[in-house]
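Me: Please take a close look at one helix and its surroundings. Walk me through what it packs against and how its partners are arranged.

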Amino acid sequence: MKKQLLVAACTAILVACGTAKNNSAKVESMPSQADIDRVKDKFPGYTLSDLKDGKKLYEANCALCHGLKKPGSETEEEWKKIVPPMVKKANGKNGNALDASGEEKILRYVITMGSVSK
């Protein structure tokens, strides 16, 4: 009887863990110079460092409230509508951690990496 209860409890914990929000999720693709080269006309002066910063900001801030969307899940125009209000929400939870530069880095990151899967 004790063994059955222990198995049931462990199963319940594992199921709960599997369905919980994963706020530590990471985006799959690692940005590269090829990504920068692909958008150089769209974002002149954009660097690999900027792209990596955008990835870090996206992962750290957007995962505060929900799972991370793949950048290719939305179009550029959709991201332009989604990111600004989401930055405001993240700032409400994170003490205004994102300024205009951070918002732009996130937006450029999702647009750049979203164009990979198109």
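Predicted model: local features only at pLDDT ≥ 70, side-chain atom pairs only at ≥ 80, totals over all residues.

Reply: In H3, Asp50, Leu51, Asp53, Gly54, Lys55, Leu57 and Tyr58 meet a set of residues in H5: Gly102, Lys105, Ile106, Tyr109, Val110, Thr112 and Met113. The axes of H3 and H5 come within 8 Å and cross at roughly 100 degrees. Angles of 65 to 115 degrees count as roughly perpendicular, so H3 is roughly perpendicular to H5.

Now H4 itself. Its buried residues are Trp79, Val83, Val87, Ala90 and Asn91. The buried residues of H4 pack against both H3 and H5. An α-helix has 3.6 residues a turn, so residues three or four places apart point the same way.

Take valine 83. Beyond its neighbours within four places in sequence, valine 83 is in contact with Glu103, Ile106, Leu107 and Val110. H4 also bends there, by about 25 degrees, and proline 84 follows within four residues. What about the length of H4? Its 19 residues should span 27 Å at 1.5 Å a residue; the end C-alpha atoms lie 25 Å apart, which agrees. Just after H4, glycine 95 takes a positive phi of about 65 degrees.

The largest nonpolar core has 20 residues, and Tyr58, Trp79, Val83 and Val110 have the most contacts inside it. H3 (48-62), H4 (76-94) and H5 (100-114) each supply at least two of its residues. H5 gives the most, with six residues.

How values were computed:
Residues numbered from 1 in each chain as written. Heavy atoms only, no water. Core = buried A, V, L, I, M, F, W, Y, C linked by side-chain atoms within 4.5 Å. Buried < 20%, exposed > 50% of the residue type's maximum accessible area, 1.4 Å probe, protein only. Contact = heavy atoms within 4.5 Å. Expected span 1.5 Å × (residues − 1). Bend = angle between axes of the 7 residues up to and from the residue. Axes fitted to C-alpha atoms, helices over the stretch in contact; angles between N-to-C directions. Parallel < 35°, antiparallel > 145°, perpendicular 65-115°, else oblique.
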